[in-house]
Amino acid sequence: MNKIQFNLNGQDVTVELDPSLRLLDVLRDYFHLTGTKEGCGEGECGACSVLINGRVVNSCCFPLANANGKKILTIEGLATTKRYQILKDAFHIEGGSQCGICTPGMIMAAESLLSMNPHPSDEEIRIGLSGNLCRCTGYNMIIKSVKKAAELGEGLW
Amino acid sequence: MFDPKKSTPKIDHEEKCSGQAKYVSDIYFDNMLFAKTVRSSIVKGKILDIFVPELPEDYYIVDHRDVVKENYVKMVFKDWPVFTVDTVNYIGEPIMLVVGPDKQVIDEIISQIKITYQDEEPIFDLVKSVAHKSFTKGNFKEASEKAVRSIKETFQTGYQEQAYIEPQGMLAYLEEEGKITLIGSMQCPYYIKNAVINTLGYPEDKVRVIQPAVGGAFGGKEEFPSTIACQLATAVVKIKRPIKMIFEREEDMLVTTKRHPSTITLEAKIDENNKVIGLKANVGLDAGAYIGLSAVVLSRAMLAVTDAYTIANLDVSGDVFITNTVPTGAFRGFGSPQMIFAIEMFMNHLAKDLGVDPYTFRLSHLVKQGDLTSTSGIFRDPILMKDMITKAAEISDYHHKTQEYAKPNVYKGIGMSWFLHGCGFTGDGESTHIKSRVRLVKDEKDVVYLYIVAVDMGQGARTALKRVVAMALDIPNEQVVFDYPDTDEAPDSGPTVASRTMMIVGHLLTKAAQKLKANWKKGQHQEVIEQYQQPDYINWDESKLQGDAYPAYSWGVNVVEVEISPVTYEVQLVGIWSVYDVGKTIDERMVIGQADGGITQGIAYGYLENMRHEKGKLRQKNLTDYIIPTSMDMPPMETILMDNPFLYGPYGAKGVGELTFVGGAPAVALAIENAIKRKVNRIPATPEYIMELINNE
């Protein structure tokens, strides 16, 4: 088996695993990073969102082989940052999280959006989060949460 | 002094954002095995032969021969097997589990298992009734004779899939020889405990159920998890190792319970003053292969027959039909969304047929305090509907838009639904079946612990109930602890269903807290147990479906505005406005969260979410072809919460969760009618159906 090297949450790691494994399973079963969730396993729901080289990707559709040489950030990695603190507080203030199964993925998608567009309009937030399904909130409180994060985190993104 | 309306931080907010909250699939045990279900590939028939390849070491088959005691899943009837013995009744019926350490090897074994069937003739039409119910009010026959007009219509509703983002899953292990523990995604820890006790024949203290974080449920995790629990418990008793079974999305969508498809026929008897003096109603529910909770769902559908209207004479009947399709079951609203859709459309259609203004026509039938309910109970509490309807019309500019959009070739529409939802179990269910108990324990440090099995599946039950106790004790929130439910610690406070958690369990908790407060001994261990007692005013006859069907009703008005593409007939939501009476708002942000999410599902039920079967095979099996709303589909929403405290609710609170769902489908369907100027009798009102309505005139 080939060695696959990548940077995971700031640390260089090397794994010797089947390169056809889904990145999602490697993160959850091998690294025990269970903050990345599986909702559908086919790239529809976004619960498994991680950032690869700063862009949001569904880890259920991403083969391990493609991770070679990449920078991968999961919710566990993001959770150590100031930006995460702002997002978390904003999701609290605006009620953006209910059952929580989509929340880590939503926050990853929000991080990706804000890093590209620090002052998104409502419409831009809707587009930015359109790959992440939520069955609890009806989305409006999530949209407001991201808007609030952009406001509270002025200058961070 | 506490303000119940004020929002507090959700106690699980941090762990849910950071991904540290443990859902069942996040829990790992040493030496743990995985299980996957081998299912029927045919619709109906006999199993003639099962070929199982030689199993590698540490791999096992678990089937009906391993069931320790009872091979049925305890719900209401004894018809739903844990594992089928030799017949199959729907595609996906569980035959056996394959258990082992490696999921890929399990898949290989399953691919080699060959089952030979003898096909039998399946039933898909609503012809085989297994439960029939009926009730009357007043004298329908007399009303029919007095009537000058009679109008009859039929309405149809389709499947709806709960589509919680966390698929179903369970983990079970032996704590010690002869004691089993189950951890899983669920709404009703004691349903699971009782089902496992029944199938294993274990004593009560040898089955323990623990609820971890639950990633959405919406009714889908009410009775169905009991089936997984019974299968897994059987496997664990045989293999004596921890076993985890997590459904993949496709499996979850194909085999778990859904909202009942229904056919509803309504016939109105109308007098010379355009007053509906009689209504005859018949409901048919498609239960799929097993009854499950369907007879209870049927009751709620029938009881909702007059919605927020008073009609003096009723003749109501309904049936649960068995078909060779996936079993249907609990889903937010529990039968009532089907009926509320039908009656709301019908009242509007009647007005149009009579040539009168629908708004005025409906207002002239609106229920008032003191009126008789559909089952001749009494609406005792103040009803604010008139005021709520006026408010909803104002904030949405309803009247002006209705006129504008009624003009030809304007593909815009606005619709308004009025509705109620009975809170808690139907009739005397709370006192005869559930008998809720709650337990409060205060330790020597004066920290108060809640021991109840109310499940937080996202609605915020843990935060809200903890808060209710803190308010009643007049102590800080931080001095109260409500951990995830564990049946070894918590008595049966009832299932987390039927919009009962805040109103019933919350009320019991305030009573327990008041007792604790009255007898508070600083620095001492104290314990209070409080049991549900039915308010004296409730009179209910279950055999005749007569009397007070619910201790209280929540009320609502929804307005939905749409724009329809004249080319593709796709519906775009433009605006949503709601007014609700949930008694007293406890934690406003959380109630708004329920309101937003409920109506999103309700509207999607009306126009977007399409699931059908073809000869017993579901055509939609994942989130690619079963479409639920995304952030791009939902417009901004405005919600007003009324203040109308209920005597037997904590701080006056009534039910919230289901109320916010039931008005969505009729509101969007009425908006579509307004836009296309044709009657809608079927949901979901898909572009294909809209095209059919426009072209077939």
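Predicted model: local features only at pLDDT ≥ 70, side-chain atom pairs only at ≥ 80, totals over all residues.
Most residues other than glycine have a negative phi, and most peptide bonds are trans. Asn53(A) counts as exposed, because it has 11 C-beta neighbours inside 10 Å, and the cut-off for exposed is 12 or fewer.

Now turn to chain B. Leu545(B) lies in the loop between strand E21 (540-541) and strand E22 (546-547). Phi of Leu545(B) is also positive, near 50°. Leu545(B) has 21 C-beta neighbours inside 10 Å, so it counts as buried. The cut-off for buried is 20 or more.

Next comes a sheet. Strands pair through backbone hydrogen bonds, either parallel or antiparallel. Chain B holds an open sheet of seven strands, in the order E3-E5-E1-E12-E9-E10-E11, with mixed pairing. Strand E3 (60-63) and strand E11 (207-210) of chain B are the edges, each pairing on one side only. From one strand to the next, the twist averages 25°. Look at E9 (169-176) and E10 (179-184) of chain B: they run antiparallel, joined by six bridges. Here Met170(B) stands opposite Gly184(B). Helix H4 (189-200) of chain B packs on the sheet and touches E10 and E11. The direction of H4 makes about 155° with that of E11(B).

Helix H5 (224-239) of chain B has 16 residues. It is mostly covered, with 14 of the 16 buried. Just after H5(B), Lys240(B) takes a positive phi of about 60°.

Finally, find Pro684(B), in the loop between strand E28 (682-683) and helix H18 (687-695) of chain B. The peptide bond from Ile683(B) to Pro684(B) is cis, with omega near 5°.

Definitions and conventions:
Residues numbered from 1 in each chain as written. Chains lettered and ligands numbered in written order. Pairing = 2+ DSSP bridges. Helix = DSSP H or I, 4+ residues; strand = E, 2+ residues; numbered from the N terminus. Axes fitted to C-alpha atoms, helices over the stretch in contact; angles between N-to-C directions. Contact = placed C-beta atoms within 7 Å. Expected span 1.5 Å × (residues − 1).
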